[in-house]
Amino acid sequence: MLKISKKSRQAKGFTLAELLVAMSITIVLVTLTVIITGSAIDAWKGARTEIRAAGQAKAMLNALGRDLEALVSGTGTESEWLYASAQDQMIGPDGESSPNAARMYFFTAASDRYDGNAGDLVEDQGGDVSAVGYELAYVDPVFGDDSEQFSTFVLYRKLLDPDETFKGKLIGTSELEQDFLVQSGTNELEDFICENVYEFTVIFVIEYKDNNGEIQTVKVPVLSDPGAKDTVKTFQISGAGLEPNENRNSEYRGGRIVAVELSITVLSDEGIDIS
């Protein structure tokens, strides 16, 4: 008689050393995953803020470019049609102030007058010449005050509709900046356009005839510290011509502006935090 016997096989478990090795490997893998994920998220956030800053800068340049392309000027020796200056007092936190903060006031046939309802029989009060102002400030972008905790660099745009421009008697004024601020009220530049603009410089490209009658082209930057040649602190277009630094006898007086170059530096949120 053939007998078949089965050997009982005892289940074999993991030793403590094996469990410790497995746990160590798992911890290392989880740690690496967390580090890689964190780095990827930080990189994504950085790229997002850079794209956001670039997008805001593009919107600001487009708005200013449209206003400058539709710039309006006229005649009359005492009238002022554009006033640009660099702020005397440096803006920004201590030790990290803006290298240059320009502001401009001028007349333009703005397409977004009357809140974009130009031509509307109810909203449009008539006229197509608006006064507009741009200014770089260091303020709280929400409340507009100079709270140090929440302040950041903000570029503001204020558009006065044609009826406001007319009521304020801005057309033909010899003090455009002053009269614009009076007509605008206390919060003269209430329309937020772009934050984190660290530097804003306006450069006028002028074509004029020199003493020999030859046509020359020169770039005139408006800087708070106009130490270099051809730089100015203020620049005006009056009814009688171009007036750099309010100089009515400038060689540029009978010239013309052929282009306006805008130099801006936009920081991301991380850049603002670092500064």
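Predicted model: local features only at pLDDT ≥ 70, side-chain atom pairs only at ≥ 80, totals over all residues.
Start with the fold. The chain holds four helices and 10 strands. Read along the sequence, they follow the order α-β-β-β-β-α-α-β-β-β-β-β-β-α. The chain has 275 residues, and 39% of them are buried. Among contacts between residues at least 6 apart, 65% join residues at least 24 apart. The exposed surface comes to about 16600 Å². Carbon and sulfur atoms supply 53% of that area.

Helix α1 covers residues 16-69. It carries part of a nonpolar surface patch, with V28 as one of the residues involved. The patch is made by V21, I25, V28, L29, L32 and I36, and its area is about 570 Å². V28 is partly exposed, at 47% relative accessibility.

Further along helix α1 comes D67. Its side chain meets that of R157 in a salt bridge, with N and O 3.0 Å apart. R157 sits in strand β4, residues 152-160, so the bridge ties together parts 90 residues apart in sequence. Both partners are on the inside by relative accessibility. D67 is buried at 3%, and R157 is buried at 12%. The bridge also belongs to a network: D67, D112 and R157 are linked by salt bridges.

The count of salt bridges comes to eight. Two others also connect separate elements. R103 pairs with E177, the closest N and O atoms being 3.5 Å apart. E177 is buried, at 16% relative accessibility. R256 pairs with E207, the closest N and O atoms being 3.0 Å apart. Here two strands are joined: R256 is in β10 and E207 in β6 (residues 197-209), so parts 49 residues apart are tied together. R256 is partly exposed at 48%, and E207 is partly exposed at 24%.

Now turn to helix α2, residues 162-167, which contains T165. T165 is buried, with 0% relative accessibility. What does it touch beyond its neighbours within four places in sequence? Its contacts are F107, V129, S130, A131, L160, L170 and I171. Past this helix, E175 lies in the loop between α2 and α3 (176-184). E175 is partly exposed, at 44%.

The loop between β2 (102-108) and β3 (130-139) deserves a look. D120 is located there. D120 is partly exposed, with a relative accessible area of 33%. D115, D120, E123 and D191 gather in a surface patch of negative charge.

Y114 is in that loop too, between β2 and β3. Its phi is near 55 degrees, a positive value in a residue other than glycine. Most residues other than glycine have a negative phi. Y114 is buried, with a relative accessible area of 5%. E246 also has a positive phi, near 60 degrees. It is found in the loop between β9 (241-244) and β10 (256-266). Is E246 buried or exposed? E246 is exposed, with a relative accessible area of 52%.

Note on methods: Residues numbered from 1 in each chain as written. Heavy atoms only, no water. Buried < 20%, exposed > 50% of the residue type's maximum accessible area, 1.4 Å probe, protein only. Contact = heavy atoms within 4.5 Å. Areas by Shrake-Rupley, 256 points an atom, 1.4 Å probe, with all protein chains shown as cover. Patch = residues over 30% accessible without salt bridge, like charges linked within 9 Å, V, L, I, M, F, W, Y side chains within 5 Å. Salt bridge = Lys/Arg side-chain N within 4 Å of Asp/Glu carboxyl O. Lys, Arg positive; Asp, Glu negative; His and termini not counted. Charge placed at Lys NZ, Arg CZ, Asp CG, Glu CD.
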